[in-house]
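The entries below follow the order in which I looked.

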Amino acid sequence: MYPDARNSPSKGKAKQADAQNWHSHWWDFYPLADHLQRPVAWSNASTIFTPHPSQPLILGRLFSSSKQFRIPSPDQILNNPAAYEPPNVITVSSNDHWLFAYFPGRDRDGVGCLWQRGYSIDKWNIRDYWACERGAGIVNAVFVSAEREWVTCPDGSTTRSTQSGPLTPVSNPTLLTVTQAHQLNVYFMRTYASGVKSLTCSLMQPCYTAENMSQVAHDPPRGPKTSRLCSAASFGFIFHDRTRLAESVFMVAMRSRRYPLSDTLRTASDSSHDLGLSLDIPVDSQLDERPPLLDWNSYEEEQMIELCEVKLRFDGLCMLIIAAPLSPIYHPGPCLTNFMFVSVPGSKPDVSTSPKASPMKDKQLQRGQLELPTTYLVASFLDFEEYASLPKSRIVAYSMVRVVPPNGKIPWAARLVGDRSLSPRILTVACPGFLSIATRKATVVVAITNPGGSLPRGAAKPKDIPVGNLIALQLPDLSDHPDYDHPSILAPAVRTSSDCPLSIFPSPNRLLACAVSMLQTSIYTLPRARITSGSKDTLHQLPLAQALTIALQSRRSTADISHILSLPNTPATMLHDTLFGTLTSYEVNSRLGTVNSFTTIDVMGVAVEIYRARARQTQNEDEKERCLMFSRNALNVCSVSACLAAFEDCKESEGYDLEPVWQLICLSTWVVSFLEDLMKECVFLADLADPSPNTSLNSNEVVPKEEPMDDNPFLRNWLTSPFQQATNQSPHSVSLDTPILLHLVHPLALTNLRAVVFHVSSFHQYLASMTAKRENSQFARDTMLDLVSSSGLDLKVLEDILSTAIPEASAIPVEEIMASFAEGHPVPAQYDQLKKTIRSITTSSAIDRPRLFIKSSDLVDGFANLSASDRPVGDDPGIDVVTKGRLLTQNTGLLCLRCGGRSQVGGEVIVAGHSSPRWKTWEKMWAARCICGGSWVSGNI
């Protein structure tokens, strides 16, 4: 029976319905089965390294900016770039000092290259490179790090996890590579030598290799029919077992394929020598000795994962490797797309319940009382079946359990603990997720693509549409984590299903991820816990606050954290809560006696980055101006701290080191200029506001006086100036939450300000008391005297007032102090103390108002001294952000990615033929990082 034509859809409607939807096809995911490699690495300095799409080059991008640079390739590749492919392995060390990549050759040996970073994160110098024979190319590499990861605790404190991986105390760097020949190569450099040394051992049989043993030359693997090569590998660094402190092991997982050799490639027609002709041609007897025909199915990927336990040790004289192959893991999945190790540290012993007076044998840690470290091997597969429909996706998890069998030969056993089918959705890429030390729970983040979906309708169609989700799977059962969200994966509407990601790498703080496909590089937001802001006692448990604390402790970049906090959909309260939670963790560590790797000034440096990023993202001009104001003041807090350190380094018993006298004058000039801005703000508040307590509903406003200010046209124009409109203030009120006033109420900022005022005053008195013997000394002395006399400030009186205000500022509750630092301005609990300090300053002889507001340059006739720019003081691009001196135009210098300041630190400081070691020591403090904590890049990038 034929279907009713009236109920069948018309051809036009079918096309219209198909145009409103998108569908994936099996060939969209075949690059995953073909193991097309586009590696990506995200360094702890927030640099993303990706291969060039078609050339043997590595591209570096500075996140979250648009700045991009190239890594120099070895001369062997530059001389013949067509002979090499783009790199298939890229890895960077945890300290961001070393970079390695492998460039496969086209019908020739490949090249592995090692780079070392300079002071700026975009300068990489080739340290060494070497050839890798055909059949022994590198499939994976990793740098060994002896650093222990910082983790957060529920109470806000931080601690270090146990060591994972081998210890290499006398080598830097130490690089591990796995080759196609199933061999492990260890490349290392002694700290007291310059050359790169190497060790090689087999991963397919028990092997012992020491540094002082003779190395056997590599022989490419050969076989009667095929060449069995390793196609993929993964490293698993296991956390140290507290009951086996002297043992350090790691695992290597490998996936192999069989490839035909050149002498075995013959078709079926080659076996028949009867050409159907009448000629009697004799057959060569040697042809019958050729190997038999091969089944093309034997060239497919082997359906097993091979494992090997490796121990890398240092016995005090040399390094050695001990390799012990383990039983392989067999699985039915025909196509392995991802496999990785995820390690969980063991539990810590309870010190409060540990015996103190018991015999020594009772103090030994019992294995049954502690939870041992756990290691999982997670693998994902795609089954294309007959290549007629979408592949079926599956993910499994194995627990690597240490066992003690009777023969004692195999110390590990793999047990299946999780198996999940994701069909009809397809898992493309995966990476290790978050690790909770408190609950000992680990996760795996997977990118899952939908088989299809609907296209947006209407005239205003979005550029990108969601095609999948990033999901956090909890181990070991691989179920969706209920506490984490599922961020969407966006793809261009014109190619929703034709650009499958081939690799993914998380950001330094595991908040973002960079995914690379055949056509583009994308940044995704990783799943985060669904925790909203609560009371101040629990703000340290916010995911962003914990991530920021760990980043500061580990000296990692915070660019990914700032990027999330700067997004328009992130409320401003989340920014304040994140900074407050980080300060809470700092106070908890200080109270418990835990060493903090960062200071409160470092937190203020992060605020510079966050507010600048938020100012770039917002479309509201008022909010943009306010964020820039917060950013400038946070940078001023860092500048005051840096100036104070410089004066203290150059302080001598009877005065100051005069070799860098002009450098100290530059710092004094900046300090005096900053004090003038601060004192002007105090004068405005004192003159325009009644110093008596405010009884209005809004305690942030102070009532202006009626007389004589209302009749003063100058002040009336100031009240209606663009500055007041930009700060969103009423013309009849003055706000006490101006960011610059934080220096008068926060104990740390106030203490640093008083100390730097003391040094500038002492330096001024020291120069005034000296008799200049040379022309250069006379110029320096006169410059410093003119600077202080024209400022309208009595530094000695001002120092005494600030010293009196420090105890009162410290008496404010700690929670309010941290709140003011997190919000970037004084809070209501500090208003009374702020009014008292302002009253003391403005009613004393510390300020000479005519000199403060009227400068000699303002009295010059003409337009020579007028400026068309309303740039605030301290934002001059011609001023060095570190030394506060003028930048030389012929030197490009350095650019800070965090605050945007420029500097030329690192040059020779020579005065009258003598170098200044004290000043050079202070400058070297900022050679690696800016005063705000940001990373340097070359100024011409």
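**Notebook: aromatic rings**

I began with burial and found that Trp 919 and Trp 922 are both buried. The model I am reading is a predicted one.

I then asked how many aromatic pairs the structure holds. The count came to 23 aromatic pairs.

I took Phe 237 and Phe 250 as one of these and noted 5.5 Å centre to centre, with 40 degrees between the planes, a tilted pair. I placed Phe 237 in strand β17 (residues 226-237) and Phe 250 in strand β18 (residues 250-260), so this pair ties together parts that are 13 residues apart in sequence. I looked up the accessibility of Phe 250 and found a relative accessible area of 1%, which means that Phe 250 is buried because the limit is under 20%.

I returned to the two tryptophans and recorded ring centres 4.7 Å apart for Trp 919 and Trp 922, with the planes at 45 degrees, so this pair is tilted. I located both in helix α19 (residues 917-924), where they are three residues apart and therefore separated by about one helical turn.

I next looked for a grouping of rings and noted one aromatic cluster formed by Trp 26, Trp 27, Tyr 30, Phe 384 and Tyr 387.

Last, I looked up charges over rings. Which ring does the charged end of Lys 884 sit over? I found the ring of Trp 670, with the charged end 4.7 Å from its centre. I also recorded Lys 651 over the face of Tyr 656, at 5.2 Å from the ring centre.

Key:
Residues numbered from 1 in each chain as written. Predicted model: local features only at pLDDT ≥ 70, side-chain atom pairs only at ≥ 80, totals over all residues. Heavy atoms only, no water. Phe/Tyr/Trp six-rings, centres within 6.5 Å; stacked < 30°, edge-to-face > 60°. Helix = DSSP H or I, 4+ residues; strand = E, 2+ residues; numbered from the N terminus. Buried < 20%, exposed > 50% of the residue type's maximum accessible area, 1.4 Å probe, protein only. Lys NZ or Arg CZ within 6 Å of the ring centre and 35° of its normal.
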